[in-house]
Amino acid sequence: MIRTMARLKAGRTALIAPALALLASAASAMEPVRSDGMPLPQSKPDLALLYPAEPVDISLPVPRPDPQTILPRATRTVAEMYLQQTGTETGKDALYTLKNGEGLGKLLRRAGYEATDVAAAVDAVSGRASLRALPVGLDVRVTPGGFAFTTRNGRDIFAIDDPEEGWVAFSAIRPVERYLSFAQGVINDSIYRAAADSNIPDDALAEYVRIMGFSVDFQREIRSGDAFELLYEQQIDQISGEKIATKLHYAGLMLSGSQLGFYRFDHDGSRVGWYDRNGNSAARTLIRTPISGARLSSSYGMRKHPISGYNRMHKGVDFAAPTGTPIIAAGSGVVTKSGWLGSYGRYIRIRHNSTYDTAYAHMSRIARGITPGRRVEQGQIIGYVGSSGRSTGPHLHYEILVNNRKVNPLTVSLPTGEKIPAELLADFRSQVELVEAEVLATGSVRFAAMELLPSERGVN
Ligand SMILES: [Zn+2]
């Protein structure tokens with residue numbers, strides 16, 4: 001981990017200064033991003049072409065011991081592991097698949113093992129894996145000198161007939177490399193289509209939309225020509241070649257009127273926060289559009305009621321969406337009402353703090369466990385779009401209440417989330433520098449976060 005960090009630093013610092021200079025000249029020209037006819041660089045989706053060619057690690061060093069240094073690394077074949085562990089050769093790997101009603105012992109017999117070897121091998125493995133839990137269809141690589149299989153949690157179990165020690169079994173960690181990619185592109189109609197064109201992984205995009213969703217309404221605020229950018233990491237299993245995880249490190253958006261840039265920060269390995277480069281949280285207390293892929297079908301204000309025909313105040317906003325579309329909690333809080341409420345049909349109300357409440361109506365279904373008194377987290381699914389109560393078609397009627405007064409959810413000013421704690425600010429700034437060095441190293445001289453660089457403005 002530290003080795004790759006050092007390589008990253010040594011290899012990239014030289015690139016930062018010229019990139020900054022370029023940026024300064026671009027900034028002084030003051031050209032708006034969207035009027036530029038030059039296309040933004042395309043991401044390189046092919047793993048072999050991913051930027052940069054060599055795996056890097058931009059996470060800060062962790063003081064905990066790395067399991068990779070404790071457990072041996074898995075090898076591609078059992079034969080390789082056998083050679084590594086014993087210094088002698090064994091036969092080639094052969095693949096056996098666990099049949100219905102067959103245990104590991106029976107499989108090993110089928111593979112030609114002697115009964116005494118089977119007993120000793122099974123005994124050794126039973127201390128490492130739950131043999132009863134082995135699934136039918138499990139692939140077991142078998143050689144005369146040992147065998148291996150992969151458990152559900154992605155760890156490899158090797159069993160080796162060591163010429164000196166007899167049968168031993170141990171876990172091995174599959175080697176994983178991390179690849180960083182920076183993707184930047186222009187949005188023509190939808191962020192989803194633009195992201196698909198850039199081959200951005202679904203999970204990275206979902207995280208991006210969630211973070212930006214606090215500040216931006218992707219259904220209504222995006223104009224053609226707005227640009228998005230993501231720096232994400234993909235973890236690839238070096239044996240199977242499969243992607244095992246994606247981690248978004250930076251999310252940027254260049255809107256016609258403003259620029260947004262947010263950085264991931266891992267607080268303690270369990271909690272992840274997103275902040276702008278000054279440490280202000282990306283999270284708002286409430287999400288303005290607690291549903292994705294919906295169309296605003298009726299806004300807040302005076303309107304002719306679709307059923308009664310009378311003019312009356314519509315004290316919420318309606319989002320048309322297919323029945324069953326998930327509705328999420330606009331903010332963390334406590335459910336105060338959940339169930340049928342007259343013309344609202346199936347209805348949920350959440351109290352977020354002493355000032356803010358949100359309400360959701362006409363659901364087809366309320367999610368399991370969403371009952372009064374229950375705590376919900378922002379983004380948690382609370383129910384599904386429907387047309388219950390006084391409604392002409394499937395939609396979400398959404399209300400934000402400030403001090404129990406219904407306000408326009410699309411325009412009410414919402415307070416920002418918490419700032420990064422002062423004692424973590426130095427760590428956070430180091431993380432920001434690493435991310436920015438990475439982005440600049442791709443040659444991207446204009447990216448959303450740079451607009452906010454204090455050094456460029458002479459302010460802090
Ligand atoms: Zn409504």
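User: How many helices and strands does the protein have?
Analyst: There are 9 helices and 23 strands in the protein. Keep in mind that this is a predicted model.

User: What pLDDT does the protein average?
Analyst: The average is 79. A score of at least 70 is reached by 80% of the residues.

User: Which elements have the lowest and the highest mean pLDDT?
Analyst: Helix α1, residues 2-29, has the lowest, at 32. Strand β19, residues 365-366, has the highest, at 97.

User: What about residues 1-55?
Analyst: The pLDDT is below 50 over that stretch. Beyond near neighbours in sequence, residues 1-55 have 58 contacts in the model.

User: And residues 452-460?
Analyst: There too the pLDDT is below 50. That stretch has 7 contacts beyond near neighbours in sequence.

User: Let's switch to the sheet. In what order do the 5 strands of the open sheet run?
Analyst: The order is β1-β2-β3-β4-β5, and the pairing is antiparallel.

User: Which strands stand at the edges?
Analyst: β1 (94-97) and β5 (166-172) do. Each has a single partner strand, so one side of each lacks a neighbour in the sheet. From one strand to the next, the twist averages 20°.

User: How many bridges join β4 to β5?
Analyst: 7 bridges join them. β4 covers residues 156-162 and runs antiparallel to β5.

User: What stands opposite Asp161?
Analyst: Trp167 in β5 does.

User: Which strands does helix α3 touch?
Analyst: α3, residues 78-86, packs on the sheet and touches β2 (139-143), β3 (146-150) and β4. The direction of α3 makes about 55° with that of β4.

User: And which does α5 touch?
Analyst: Helix α5, residues 115-126, packs on the sheet against β4 and β5. Its direction makes about 35° with that of β5.

User: Back to α3. Which residues are buried there?
Analyst: Val78, Met81 and Tyr82 are buried in α3. Seen down the helix axis, the buried residues fall within an arc of 100°, so they line one face of α3. They pack against β2, β3 and β4.

User: What follows α3?
Analyst: Gly87 does, and its phi is positive, near 80°.

User: Now the whole protein. What share of the residues is buried?
Analyst: Buried residues make up 34% of the 460.

User: How about contacts between residues 24 or more positions apart?
Analyst: Those account for 67% of the contacts with a separation of 6 or more.

How values were computed. Residues numbered from 1 in each chain as written. Predicted model: local features only at pLDDT ≥ 70, side-chain atom pairs only at ≥ 80, totals over all residues. Pairing = 2+ DSSP bridges. Helix = DSSP H or I, 4+ residues; strand = E, 2+ residues; numbered from the N terminus. Axes fitted to C-alpha atoms, helices over the stretch in contact; angles between N-to-C directions. Contact = placed C-beta atoms within 7 Å. pLDDT = per-residue confidence, 0-100. Buried ≥ 20, exposed ≤ 12 C-beta atoms within 10 Å, placed from the backbone. Arc of directions from axis to C-beta.
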